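Good morning. I will go through one protein structure today, starting with its layout and then turning to its side chains.

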Amino acid sequence: MQPGTHFAFGTHKDHGFVASFTTSMPAHLAHWFLEREQFEPVPGKSQLYRLVEPEHDGPRRTRQAVHDLRRQGYTVHADIALDPASSAGPPRPLRPNGLQERRSRLAKAAAGRTTQRAIPPTTSLPAARPIPPRPSYAPTVHLTAAGGGRSR
């Protein structure tokens, strides 16, 4: 491990996905961070924590914990399978029925020039409609009051 490393993540034959902290990290702070990342202390091991419910997407949750701690500015050592920087992400689903090829053909066709436009576009603007003059008087509107209130 590099000097100045704060956390280390890996796998253990008995405890599954584990995390530990080094002496460069205060114990109470490491405990706080690891519990927020869903790790619990291993009984009898003072600096060892195991992932809670590792059967529920354990590798992804451990990689996420490594990522979160690094984003907080801590130096984290992780096994290659648990390191988000060096492990491949989940495979992307392939598009069925040749959709990718069809989109590629459409994109190429859209980028090319068309031969369907026989008449070049006109550059002259249509004649503008004249604006009527402003009236010199103010129109008056007479409203009559309806007796009996609101109509239904």
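First, a definition: helices (H or I, at least four residues) and strands (E, at least two) are DSSP runs, numbered from the N terminus. What we have here is a predicted model, in which local features need pLDDT of at least 70 and side-chain atom pairs count only at pLDDT 80 or more, while totals for chains, interfaces and linings use all residues. Residues are numbered from 1 along each chain as its sequence is written, and side-chain values use heavy atoms, with hydrogens and water left out.

The protein has three helices and five strands. Along the sequence they come in the pattern β-β-α-β-β-α-β-α.

Next, burial. A residue is called buried under 20% relative accessible area, exposed over 50%, and partly exposed in between, with a 1.4 Å probe and protein chains only. The protein has 152 residues, and 22% of them count as buried. Its accessible surface is about 12,800 Å², and 55% of that belongs to carbon and sulfur atoms. Those areas come from the Shrake-Rupley method with a 1.4 Å probe; for residues, only the protein chains shown count as cover.

Now the inside. In soluble globular proteins, nonpolar side chains tend to be buried together. By a nonpolar core I mean a set of buried Ala, Val, Leu, Ile, Met, Phe, Trp, Tyr and Cys residues joined through side-chain atoms within 4.5 Å. How many residues does the largest nonpolar core have? It has 19, and those with the most contacts inside it are Phe-7, Phe-9, Phe-21, Met-25, Leu-34, Phe-39 and Val-76. Two or more residues of this core come from each of β1, β2, α1 (27-36), β4, α2 and β5.

On to the rings. Rings of Phe, Tyr and Trp (its six-membered ring) pair if their centres lie within 6.5 Å; planes under 30 degrees apart count as stacked, over 60 as edge-to-face, and the rest as tilted. The structure holds five aromatic pairs. One of them is Phe-7 with Tyr-74, an edge-to-face pair at 5.8 Å centre to centre, with 90 degrees between the planes. This pair links distant parts of the chain: Phe-7 is in strand β1 (residues 7-12) and Tyr-74 is in the loop between α2 and β5 (76-78), 67 residues apart. Both Phe-7 and Tyr-74 are buried.

Another pair is Phe-21 with Tyr-49, which is tilted, at 6.3 Å centre to centre and 55 degrees between the planes. Here too distant parts of the chain are linked, with Phe-21 in strand β2 (residues 16-21) and Tyr-49 in strand β4, 28 residues apart. Phe-21 and Tyr-49 are both buried. Ring pairs also join Phe-7, Trp-32, Phe-33 and Tyr-74 into a cluster.

For the chain as a whole, take contacts between residues at least 6 apart in sequence, where contact means heavy atoms within 4.5 Å. Of these, 42% join residues at least 24 apart.

Then the charged groups. A salt bridge is a side-chain nitrogen of Lys or Arg within 4 Å of a carboxyl oxygen of Asp or Glu. There are three salt bridges in the structure.

Arg-50 forms one with Glu-40, and their closest N and O atoms are 2.9 Å apart. That pair links distant parts of the chain, Arg-50 being in strand β4 (residues 48-51) and Glu-40 in strand β3 (residues 39-41), ten residues apart. Arg-50 is partly exposed at 25% relative accessible area, and Glu-40 is partly exposed at 30%.

Arg-60 forms a salt bridge with Asp-57, with 2.5 Å between the closest N and O atoms. Arg-60 is partly exposed at 41%, and Asp-57 is also partly exposed, at 41%.

Arg-71 and Asp-68 form a salt bridge with the closest N and O atoms 3.6 Å apart. Why are Arg-71 and Asp-68 separated by about one helical turn? Because they are three residues apart in helix α2 (residues 58-71). Arg-71 is exposed at 58%, whereas Asp-68 is buried at 12%.

Last, two backbone angles. Gln-38 is not a glycine, yet has a positive phi of about 70 degrees. Gln-38 sits in the loop between α1 and β3 and is partly exposed at 44%. Glu-53, also a residue other than glycine, has a positive phi near 50 degrees. Glu-53 lies in the loop between β4 and α2 and is partly exposed at 45%.
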